[in-house]
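Trainee: I have a model open and want to learn how to read it. Please take me through it.

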Amino acid sequence: MNNYREQYTTADGKSVRPVVSLTCNFSKPVGDKPALLSFDEVETFFHEFGHGLHGLLSQCTYVSIAGTNVSRDFVELPSQIMEHWAAEPEVLKMYAKHYQTGEVIPQELIDKMDKAGKFNQGFVTSEFIAAAFLDMDFHTITNQGDIDVNAFEKTALDKLGLIKEIIPRYRPTYFAHAFSWGYSSGYYAYTWAEVLDADAFNAYKETGDIFNQDVAKSFRKIFLNAGTVMNQ
Ligand SMILES: [Zn+2]
């Protein structure tokens, strides 16, 4: 998702509308076959579309807090929540159709996708959180002297009681997120946003309707219109 122009309000009260695009680097057509997206690509598309909506529906005064210019541990909520719809059987049946026969994705395949999506999540979550703790430990060092990174890592992981079968997703010597791309001490944000998006999606689920208009309106008002709501 790219912003060519972000939303803001002028001094005389006019809302300047944003210009947002999605540029996708997806599977190309092969031979006579059209471009067929993998489910991973579909999820990416829904995800980026969520960032797009966050930008497009922004109703803020200041560009610095409009659209996707929000705290890092919030910015992935509007995008990750969209991934829930991508995988919902009700939604899959709308778009996941056989490209030749038009046959809607069978329930059996949906069940398999659901099971595969849960595979190894204990490992995945643990390696991720271990890296998030390590990132936080690096950014809360009070001793300004030299440190031995390997010893530092060992102390940090021992403190967590991480078992030897699981190593952090990134080791300190190549953990780029810890020191660049604006993620410094914010690697936890991916997981934190997952908690937020699961919670927000549940608000729809609880009504028994994943397209509930009242929830959608409040989601739009509270999150998508408001910019940096979590900072307020
Ligand atoms: Zn994202």
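Trainee: Does K115 count as buried or exposed, and why?

Mentor: Start with the idea. A residue is buried if 20 or more other C-beta atoms lie within 10 Å of its own, exposed if 12 or fewer, and partly exposed in between; C-beta atoms are placed from the backbone. K115 counts as exposed because it has 9 C-beta neighbours inside 10 Å. Two cautions. This is a predicted model: local features need pLDDT of at least 70, side-chain atom pairs count only at pLDDT 80 or more, and totals for chains, interfaces and linings use all residues. Residues are numbered from 1 along each chain as its sequence is written.

Trainee: Which helix holds K115?

Mentor: Helices (H or I, at least four residues) and strands (E, at least two) are DSSP runs, numbered from the N terminus. K115 sits in helix α5, residues 107-118. The chain has nine helices and four strands. Read from the N terminus, the order is β-β-β-β-α-α-α-α-α-α-α-α-α.

Trainee: What share of the chain is buried?

Mentor: Of its 232 residues, 19% count as buried.

Trainee: Which domains does the chain have?

Mentor: Domain bounds come from an automatic or database domain assignment. Here the assignment gives domain 1 (2-119 + 190-231) and domain 2 (122-178). Their centres, taken over C-alpha atoms, are 31 Å apart.

Trainee: How far apart are K115 and S180 in space?

Mentor: C-alpha to C-alpha, K115 and S180 are 35 Å apart. In sequence, 65 residues separate K115 and S180.
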